[in-house]
Amino acid sequence: MARVIGGLGTSHVPAIGGAIARHAQHEPYWSPFFDGFVPVCDWLKSERPDIVVIFYNDHGLNFFLDKMPTFAIGAAAEYRNQDEGWGLATSAPFLGDARLSWHLIEALVAQEFDIATCQDMLVDHAVTIPMSLMWGSELPRIRIVPIAINTVQHPLPSPARCLRLGQAVGRALADYEEDARIVIVGSGGLSHQLDGARAGYINKTFDLYCMQQLVDDPATLTEYSSLDLVELAGTQGVELLNWIAMRGALTGEVRKIHSNYHVPISNTATGILLLENPSDGL
Ligand code: DHB
Ligand code: FE
């Protein structure tokens with residue numbers, strides 16, 4: 001049977017991709033972030049996952065304001081990347097797992113999540129940055145299932161709804177018959193606001209609170225509405241919804257392996273949180 005071995009929350013600031021391309025990881029500006037990722041890479045090397053299920057938000061590459069699903073799931077054999085304007089080199093296509101995608105779609109619809117199914121789906125920096133942080137340029141034959149959550153066009157789904165989405169995904173993965181080791185990724189955050197009067201807004205106290213609650217008691221975050229998250233974490237800090245969904249998919253008493261928090265990278269408070277999911281969770 002498939003097993004969810006752990007979950008990772010990570011920021012996806014596009015400038016991280018630029019720093020990787022320039023081999024700038026050890027520069028003083030970048031090392032507080034990249035050094036924080038080393039324990040994640042060590043853990044991945046020893047745990048050797050086969051599949052990544054990634055909760056992320058599309059930033060206008062695959063969906064635009066004219067057609068915006070609240071939740072969308074990829075069901076493709078591969079996922080191509082394109083430059084959405086950040087000037088990053090285009091990644092090689094990521095391998096999909098359409099069989100697992102359809103298993104998740106069946107299970108999610110049966111549990112009353114009305115998700116858009118995408119048999120053709122472009123993935124943006126919110127997928128490519130975490131993937132290159134995790135595996136560098138040597139992307140192994142890792143398969144991905146991308147699940148997009150709308151954090152862009154209001155009304156946004158609530159934290160409670162995103163936690164339940166993650167829980168439904170976690171239950172469906174536990175039911176999947178392939179003997180695969182799966183890592184769940186929540187991409188985005190932490191607090192940041194790129195536009196408007198509060199551009200540059202960062203809320204360290206709230207970020208650290210969320211990182212703590214995601215380990216011990218994620219249900220407390222469901223007391224917030226998505227507009228509360230905008231107020232507390234910034235217009236783009238609401239990407240925290242992807243972390244909440246990731247945490248929902250971890251069905252056991254999770255153990256924190258590692259975390260890192262650094263302000264700022266570009267305009268963002270960057271967070272990294274690695275959680276192990278025990279085998280007897282369900
Ligand atoms: C930045 C952060 C993001 O989450 C994003 O999608 C784009 C840019 C930034 O801080 O530069
Ligand atoms: Fe973003």
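The legends below describe several close-up views of a predicted model. In this model, local features need pLDDT of at least 70 and side-chain atom pairs count only at pLDDT 80 or more, while totals for chains, interfaces and linings use all residues. Residues are numbered from 1 along each chain as its sequence is written, and chains are lettered from A and ligands numbered from 1 in the order in which they are written.

View 1. I54 lies in strand β2 (residues 51-56); helices (H or I, at least four residues) and strands (E, at least two) are DSSP runs numbered from the N terminus. I54 counts as buried because it has 25 C-beta neighbours inside 10 Å; the cut-off for buried is 20 or more other C-beta atoms within 10 Å, for exposed 12 or fewer, and partly exposed is in between, with C-beta atoms placed from the backbone. Beyond the neighbours within four places in sequence, I54 is in contact with V127, P130, I144, P146, I147, V185 and S187, contact being C-beta atoms within 7 Å. N242 is 188 residues from I54 in sequence, yet their C-alpha atoms are 8.5 Å apart.

**View 2. The contact of helices α1 and α5.** Residues P14, I16, G17 and I20 of α1 meet H125, T128, I129, S132 and L133 of α5. These residues comprise 5 nonpolar, 4 polar and no charged; Ala, Val, Leu, Ile, Met, Phe, Trp, Tyr, Cys and Pro count as nonpolar, Asp, Glu, Lys and Arg as charged, and the others, Gly among them, as polar.

**View 3. The shell around ligand 1.** Ligand 1 is surrounded by H12, V13, P14, A15, H59, G188, H192, L194, Q236, S266, N267 and T268, each with its C-beta atom, placed from the backbone, within 6 Å of the ligand. The shell has 4 nonpolar, 8 polar and no charged residues.

**View 4. The covered helix α9.** Helix α9 (residues 240-248) is mostly covered, with 9 of its 9 residues buried. Among them are W243, M246 and R247.

**View 5. Two cis peptide bonds.** H154 and P155 are joined by a cis peptide bond with omega of about 5°; P155 is in the loop between β8 (143-149) and α6 (159-174). Another cis peptide bond joins V263 and P264, with omega of about -20°, and P264 belongs to strand β10 (residues 255-265).

**View 6. Positive phi at H23 and R48.** H23, although not a glycine, has a positive phi of about 55° and lies in the loop between α1 and α2 (31-34). R48, also not a glycine, has a positive phi of about 45° and lies in the loop between α3 (38-47) and β2.

Definitions and conventions. Contact = placed C-beta atoms within 7 Å.
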